[in-house]
Amino acid sequence: MTITAAMVKELRDKTGAGFMDSKKALEQCEGDIEKAMEFLRQKGIASAEKKQDRIAAEGLVATYIENGVGAIVEVNCETDFVAKNEDFKAFVNGLAKHIATVKPADMDALNASVCACCNMKIEDAVKDKIATIGEKISIRRFEVLEGDLATYVHNGKIGVLIAATAQDETLLKDVALHIASSAPEFVSRAQIPQEVIDEETRIEMGKEDLAKKPENIRAKIVEGRVNKLMAQKCLLEQPFVKNPDLTVEALLAGKLEIKSFVRWTLGEGLEKRQDNFAEEVMNQMVK
């Protein structure tokens, strides 16, 4: 059977596969578009598994809020180019909505859940997206909060989701922006684990500038330093980013309380790609 350019274009439009892969799939499937799509999916799933050892530290952080349920998710890919791809963005944003709707208990539950839009298990939808885009894609983490919520996402790189005791859209948006900017780790001092305080105390006690101080003086200096460090970690004790004369606690006084928040920076703690663009092109040429 003759495989026409129009047939190849139709298959490419439906799958996002390359020209030669599409042509080969149509030849293998005797021009049957549906069978060729399945052929490419199978080929994509196989190649997706080969991509799992690649470094994926780019990507997007996305959030979604509806009916008092909010989700935040980080999805990683290999390159910033793919992270800016509209298809990838739509996938990540759709995943955030799916998580808020399904509220999966953990990553296994998420992977096993079925997406209402594509009628596929999430783990299969990820493999399908790998086949289409051609890079390793992985869901790194997600979290769900419920209640009076607010969110702020900065360029897909920093994501914040807040749960409060009351809804005040303007105020909570300001607090979300503050959290994105100032990176607190806890809402209040009461949430800081004792081991965190103990570790900071140990580090400060061992600093060289205090080595010759009397024990009682050194202890007081260390207490002051640790107290300052803990204040920097607490949302309520931080100077409000839009008005440093106010603490966040003073800003919220008598209005609402922050119950919890999630703040993620894309790729934090992950190994970054080291190869440059020229090397990447050469790598593709020799494959």
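A residue counts as buried under 20% relative accessible area, exposed over 50% and partly exposed in between (1.4 Å probe, protein chains only). Please keep in mind that this is a predicted model, in which local features need pLDDT of at least 70, side-chain atom pairs count only at pLDDT 80 or more, and totals for chains, interfaces and linings use all residues. Residues are numbered from 1 along each chain as its sequence is written, and side-chain values use heavy atoms, with hydrogens and water left out.

**The chain as a whole**

- The chain has twelve helices and eight strands; these are DSSP runs numbered from the N terminus, with helices being H or I of at least four residues and strands E of at least two.
- Of the 287 residues in the chain, 38% are buried.
- Among contacts (heavy atoms within 4.5 Å) with a separation of 6 or more, 61% come from residues 24 or more positions apart.

**Val187, a loop residue**

- Val187 lies in the loop between helix H8 (169-182) and H9.
- With a relative accessible area of 6%, Val187 is buried.
- Leaving aside neighbours within four places in sequence, Val187 is in contact with Cys234, Leu235, Leu236, Ile258, Lys259, Ser260 and Phe261.

**Helices H9 and H10**

- H9 (residues 194-205) packs with H10 (residues 215-233) at an angle of about 130°, and their axes are 9 Å apart.
- Axes here are lines fitted to C-alpha atoms, for helices over the stretch in contact, and angles run from 0 to 180 degrees between N-to-C directions.
- H9 and H10 are therefore oblique to each other, given that angles under 35 degrees count as roughly parallel, over 145 as roughly antiparallel, 65 to 115 as roughly perpendicular and the rest as oblique.
- On the H9 side, the contact is made by Val196, Ile197, Glu200, Thr201, Glu204 and Met205.
- H10 contributes Glu215, Arg218, Val222, Arg225, Val226, Leu229, Met230 and Lys233.

**Cysteines**

- A disulfide is taken as a pair of cysteine sulfur atoms within 2.5 Å, and by this rule the count is zero.
- For Cys117, the closest cysteine sulfur is in Cys115 at 4.5 Å, too far for a bond; Cys117 is exposed, with a relative accessible area of 80%.
- The sulfur of Cys118 also has Cys115 as its closest cysteine partner, at 3.7 Å, which is too far for a bond; Cys118 is partly exposed, at 35% relative accessibility.
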